[in-house]
Amino acid sequence: MAGDVPSIPPRLHFVWIGSKLEWVHVWAMKSAAMHSQCEEIILHHVDPLHYDAPLAALLNTPRVKLKQVNPRILLTDVGRALHIGTKLSEAYENVSSPVALSNILRAAVLYAQGGVYLDLDTITVKSLRPLLAVPEFVGHEFTAWPHYVYQSLPLRCKSVALSGVRDLLRRLPKGHLVFRRISGHYYLAVNNAILGSASGGVLIAHYLKAMAAIPTTQVQLRYVFGTHLLQKIVEGFDQTSLTIHPPDVFYLMPPEISEHWFRHQSHVDLDKVLQPDTRIVHWYASIRTKHLVPQLTPDYIDNHQQTQLFSALVRQYAQTDTCLPQHQNQPASRPDRDAV
């Protein structure tokens with residue numbers, strides 16, 4: 001009916017560039033399958049995936065689908081729909097950073113198919129259905145370095161001070177609890193790790209067109225396709241049609257402070273950390289914890305669930321006792337190789 005407000009379909013998208021999945025990636029998708037109440041969980045992977053224990057576990061997870069994506073076809077089709085020709089596919093070809101490539105692909109997938117995009121360093125802890133009755137949503141995080149502070153010396157000085165305090169609190173025992181009390185002094189800015197949109201969403205269209213307009217000389221700059229660009233787009237966007245969720249919904253512990261998910265303690269209590277509004281925990285794999293990722297196996301989680309917040313989180317919301325296929329030499333099913 002004319003005038004109806006589009007809503008977000010109950011479909012989750014993950015994007016992966018590379019051939020090997022780690023257990024943390026499996027847990028992101030398993031927790032989404034278990035708790036999101038969405039009908040489909042799709043991993044869009046660019047490269048053929050190496051078959052091993054994590055992939056075997058993923059293939060046995062209900063409602064999870066693996067779809068090999070052809071970036072050139074996807075971006076050409078989306079570019080045609082946006083009337084920008086091949087600019088998106090050309091931008092993709094000029095980028096070398098996997099993070100930047102993922103930034104482009106996630107927006108293109110959302111524009112083409114609609115749904116919710118999640119980074120693979122997330123754990124879903126509650127239904128996402130209540131978030132879907134809107135055209136588009138993003139989430140705020142607390143940060144010391146939003147894009148606009150670089151334009152002002154006083155703001156840069158404030159950001160340096162905020163970074164210093166944050167660095168101290170990431171080191172102190174229970175520093176994440178202290179941060180909650182002073183978080184109002186930090187900037188609120190959107191992050192693109194979790195995005196929701198109906199297909200053909202207006203915000204995502206603006207985001208993709210801005211990506212296509214980035215000069216070739218700037219495409220290798222950090223954040224140029226990611227958080228800083230999205231922050232600029234949101235600032236100039238008609239926010240009557242955009243829902244921006246507060247930090248507790250997705251970004252419970254902000255950058256740097258998120259290191260506390262991995263600190264070892266005598267005892268941990270998730271109920272003191274997760275908030276009533278928390279639906280997804282984004283734990284920032286790229287910030288100080290990247291080196292830990294290969295160590296995070298089901299055995300590790302079982303051995304540390306009483307003494308580490310991350311292990312407790314995975315154990316409760318992603319069930320690490322995943323059964324492998326009966327015949328481990330052959331997958332229970334093969335990833336779908338059709339191009340998106």
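What follows is a chat about helix packing and some backbone angles in a predicted model.

Trainee: Let's start with helix 1. How many residues does helix 1 have, and how far does it reach?
Mentor: Helix 1 has 13 residues and spans 18 Å from its first C-alpha to its last. That is close to the 18 Å expected at 1.5 Å a residue.

Trainee: Is helix 1 mostly covered or open?
Mentor: Mostly covered, with 12 of its 13 residues buried. The buried ones include W23, V24, W27, K30 and H35.

Trainee: And what comes after helix 1?
Mentor: Q37 follows helix 1, and its phi is positive, near 60°.

Trainee: Left-handed or right-handed crossing?
Mentor: Helix 1 passes helix 12 in a left-handed crossing.

Trainee: Which residues make the contact?
Mentor: From helix 1 you have V24, W27, S31, M34 and H35, and helix 12 puts in F310, V314 and Y317. By class, that contact has 6 nonpolar residues, 2 polar ones and no charged ones.

Trainee: Then what's the phi of H83?
Mentor: H83 has a positive phi of about 60°, and it is not a glycine. You'll find H83 in the loop between helix 3 (71-81) and helix 4 (87-93).

Trainee: Is H83 buried or exposed?
Mentor: Exposed, with a relative accessible area of 73%.

Trainee: What about E256, what is its phi?
Mentor: E256 has a positive phi too, about 75°, although it is not a glycine. E256 sits in the loop between helix 10 (247-250) and strand 9 (280-282).

Trainee: And is E256 buried or exposed?
Mentor: E256 counts as buried, at 16% relative accessibility.

Trainee: Last one. Where is Q113?
Mentor: Q113 is in helix 5, which runs over residues 98-113. At 24% relative accessibility, Q113 counts as partly exposed.

Trainee: How far is Q113 from G201?
Mentor: Their C-alpha atoms are separated by 9.8 Å, while along the chain Q113 and G201 are 88 residues apart.

Technical notes:
Residues are numbered from 1 along each chain as its sequence is written. This is a predicted model: local features need pLDDT of at least 70, side-chain atom pairs count only at pLDDT 80 or more; totals for chains, interfaces and linings use all residues. Side-chain values use heavy atoms; hydrogens and water are left out. A crossing is left-handed if the near helix is turned anticlockwise from the far one by less than a right angle, and right-handed if clockwise. Helices (H or I, at least four residues) and strands (E, at least two) are DSSP runs, numbered from the N terminus. Contact means heavy atoms within 4.5 Å. Ala, Val, Leu, Ile, Met, Phe, Trp, Tyr, Cys and Pro count as nonpolar, Asp, Glu, Lys and Arg as charged, and the others, Gly among them, as polar. Buried means under 20% relative accessible area, exposed over 50%, partly exposed in between (1.4 Å probe, protein chains only). The expected span of a helix is 1.5 Å times one less than its number of residues.
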